[in-house]
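Reader: Could you take me through how the labels on this model were assigned, setting each value against its cut-off?

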Amino acid sequence: MPVPWFLLSLALGRNPVVLSLERVVGPQDTARCSPGLSCHLWDGDVLCLPGSLVSAPGPVLVPTRLQTELVLRCHEETDCDLCVRVAVHLAVQGYWEDPEDEEKFRRAADPELEEPRNASLQAHIVLSFQAYPTAHCVLLEVQVPAALVQPGQSVGSVVFDCFEAALGAEVQIWSYTQPRYQKELNLTQQLPDCRGLEVQDNIQSCWALPWLNVSADGEDVRLVLDVSEEQRFGLSLYWNQVQGPIKPWWHSNLTGPQNITLNHTDLVPCLCIQVWPLEPDSVRTSICPFREDPRAHRNLWRAARLQLLPPRSWRLDAPCSLPAEATLCWQPLDGGPCLSLVPPLPRENVTVNKVLEFPLLKGHPNVCVQVSTWEKLQLQECLWADSLGPRKDDMLLVETRGPQDNGSLCALEPSGCTPLLSRASTRAARLGEQLLQDVQSGQCLQLWDNDLGALWACPMDKYIHQRWALVWLACLLLAAVLFLLLLLKMNRVKGWLRLLKENIRAGAAARSRAALLLYSADDASFERLVGALASALCQLPLRVAVDLWSRRDLSAQGALAWFHAQRRQTLQEGGLVVLLFSPGAVALCREWLQDATSAPRAHDPHDAFAASLSCVLPDFLQGRAPGRYVGAYFDKLLPADAVPALFRSVPVFSLPSQLPDFLGTLQGPAAPRPRRLAERAEQVSRALQPALDSCFRPPGAPGTGHGMGPEAGDRT
């Protein structure tokens with residue numbers, strides 16, 4: 001059973017849940033006041049122009065709080081429209097400038113006077129209602145008796161019935177006075193759609209609305225639209241990023257019911273779903289179910305792109321708004337962490353898809369932009385990646401200015417901002433006086449400047465050149481001293497040269513190429529043949545590893561561990577793994593290839609070939625074998641077409657007929673000339689011939705013993 005991803009909330013921001021709505025009968029707008037106040041609703045609309053702020057001449061009546069309530073304006077029992085009732089709470093603000101004016105106001109309202117006058121405080125309250133793409137304003141005249149006028153005290157409220165609005169719309173409400181004595185109040189609300197219980201039963205346009213459910217489908221998301229089979233409806237997926245007309249990311253006209261699957265990589269927090277019947281003036285229902293989904297937030301950062309624009313601008317492109325901050329940092333040439341420039345430069349809140357300017361006088365390739373949340377750094381992009389060339393080995397100096405033109409300079413380093421004239425053991429402290437002179441002489445580039453400080457980028461190339469000049473001079477002096485010593489001890493030098501020549505030869509022999517032989521121990525005669533081949537290859541020279549010579553290691557480590565260690569060492573040294581195919585080896589390979597899912601049959605624990613197939617076969621199947629493996633078979637023991645096709649991706653040689661090519665491949669770049677190679681192939685062929693002959697003798701014939709000769713020792 002799919003778990004519901006969300007249940008559409010009926011809460012309207014700060015408003016109560018919409019369960020049962022009050023009904024307002026009649027099309028006329030009305031206004032009513034709390035006891036003690038009098039109010040009047042002016043006929044017709046008024047201009048929605050707040051005007052500029054003016055000073056209050058004395059106590060004035062101003063709105064202090066807005067409160068809304070949803071009601072139904074009904075023409076018939078089941079023909080209603082959604083309407084927003086607005087309550088404006090009022091208070092007295094300001095004081096009398098002249099005490100005599102206050103006294104006159106109080107006397108006029110005194111009920112004990114013989115002829116009292118109806119003194120009151122009057123205000124014109126404007127309510128502005130906007131629901132894209134329409135706007136509507138009304139004017140309320142409110143009077144407060146003088147007896148209730150106490151500066152700073154609430155006097156009551158006025159209620160307006162009501163502003164009609166579309167289902168699912170986002171509405172904005174403003175309230176202010178004419179003339180305007182303070183900043184206008186404002187309130188933004190998201191109205192419910194047809195999923196509200198009372199709304200669904202009383203608004204006719206909701207009766208044919210497709211009902212939408214969003215649920216999890218493994219990693220992905222499933223949209224289930226429960227409508228009749230013949231009903232046609234529109235479905236739109238869009239990014240709810242800015243106000244204005246919806247710009248769909250995906251749109252389609254469908255016939256229900258429908259199950260639509262969204263890939264989990266397409267989810268972002270502002271992805272919304274809108275559905276409506278394909279009828280004139282139909283109501284559209286919109287839901288945004290992924291605002292709190294962790295995967296949607298991860299996808300949003302993966303889709304975000306930080307772009308640097310010439311000359312000193314940047315922009316963060318993203319499908320949704322991002323709660324992040326942007327800072328500038330300084331990236332040293334050595335590739336260490338990017339050093340934040342906050343302070344002195346401020347942090348900035350990120351506005352996506354908007355070009356922002358660097359607060360710098362000039363650009364520098366070491367300056368980078370970082371975008372981060374309170375949790376971690378998310379994005380970083382540097383100026384050197386675009387148009388200012390590679391990073392420079394410059395030192396960034398931070399100048400701090402005091403109130404009396406007394407400033408200080410420090411160098412920004414990974415350990416902090418190091419004062420130039422300090423005794424610290426950093427590069428900036430050692431070169432503090434020179435860097436200070438560079439700033440004063442104008443050799444440093446000023447990146448930023450204001451009343452509180454400045455940033456300077458000072459080149460360090462000349463100091464590095466001076467240091468290397470001293471190093472080269474010391475090397476030349478040392479070389480001259482050594483040359484004089486060599487001239488004084490010429491005889492000893494000749495001895496050293498002879499020793500050096502011998503060491504080079506020994507090193508060349510030690511650096512001979514490695515080869516790992518893998519074979520299937522079909523019988524004793526084939527093992528003798530493999531031993532003869534390994535012994536002959538050792539004379540080339542080649543460093544040969546074969547399990548015949550490593551029985552003790554095989555018993556101690558196990559065949560698979562021994563093979564892993566030998567294979568890793570051979571490939572690290574640039575050697576080759578040689579697969580010797582025999583009837584037994586071919587049978588083992590086919591067994592692994594044909595039934596890879598079943599457990600392989602038991603093998604000799606010392607059989608390295610059977611153990612190695614679990615690692616060798618993936619190399620061939622994934623295309624990693626060329627350059628690492630070669631194959632070979634003895635042409636009298638196995639026909640050429642018996643080698644499985646999978647292993648034909650590497651050279652496969654027939655022995656002894658293709659011995660020259662086989663030896664040349666094994667020795668690689670160090671292989672001798674063709675004539676010398678042919679002579680070595682002839683030597684190997686002669687060494688193999690007795691063992692080859694023994695493979696074809698009857699089992700009881702002489703010379704088929706199990707001895708391996710002097711080569712059977714442990715050579716690895």
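Predicted model: local features only at pLDDT ≥ 70, side-chain atom pairs only at ≥ 80, totals over all residues.

Reader: What makes Cys74 and Cys80 a disulfide?

Author: A disulfide is a pair of cysteine sulfur atoms within 2.5 Å, and the S to S distance of Cys74 and Cys80 is 2.0 Å, so the pair meets the definition. The link of Cys74 and Cys80 is right-handed, with 100° about the S-S bond, and a search of the whole structure finds ten disulfides.

Reader: Why is the disulfide of Cys329 and Cys338 called right-handed?

Author: The torsion about the S-S bond of Cys329 and Cys338 is about 90°, and therefore this disulfide is right-handed; the sulfur atoms of the two residues are 2.0 Å apart.

Reader: Why does Cys444 count as buried?

Author: Buried means under 20% relative accessible area, exposed means over 50%, and partly exposed lies in between (1.4 Å probe, protein chains only). Cys444 has 8% relative accessibility and so counts as buried, and Cys458, at 0%, counts as buried too. A disulfide joins Cys444 to Cys458.

Reader: Why is Cys475 called partly exposed?

Author: The relative accessible area of Cys475 is 42%, and therefore Cys475 is partly exposed. Cys538, with 21%, is likewise partly exposed.

Reader: How many aromatic pairs are there, and why is the pair of Phe160 and Phe163 called tilted?

Author: Rings of Phe, Tyr and Trp (its six-membered ring) pair if their centres lie within 6.5 Å, and planes under 30 degrees apart count as stacked, over 60 as edge-to-face and the rest as tilted. By this rule the count comes to nine aromatic pairs. The ring centres of Phe160 and Phe163 are 4.7 Å apart with the planes at 50°, so this pair is tilted. Both Phe160 and Phe163 are buried.

Reader: What is the angle between the planes of Phe581 and Phe647, and what is that pair called?

Author: The planes of Phe581 and Phe647 are at 65°, with 5.3 Å centre to centre, and the pair is edge-to-face. Phe581, at 2% relative accessibility, counts as buried, and Phe647, also at 2%, counts as buried. Phe581, Phe620, Tyr629 and Phe647 form one aromatic cluster.

Note on methods. Residues numbered from 1 in each chain as written. Heavy atoms only, no water.
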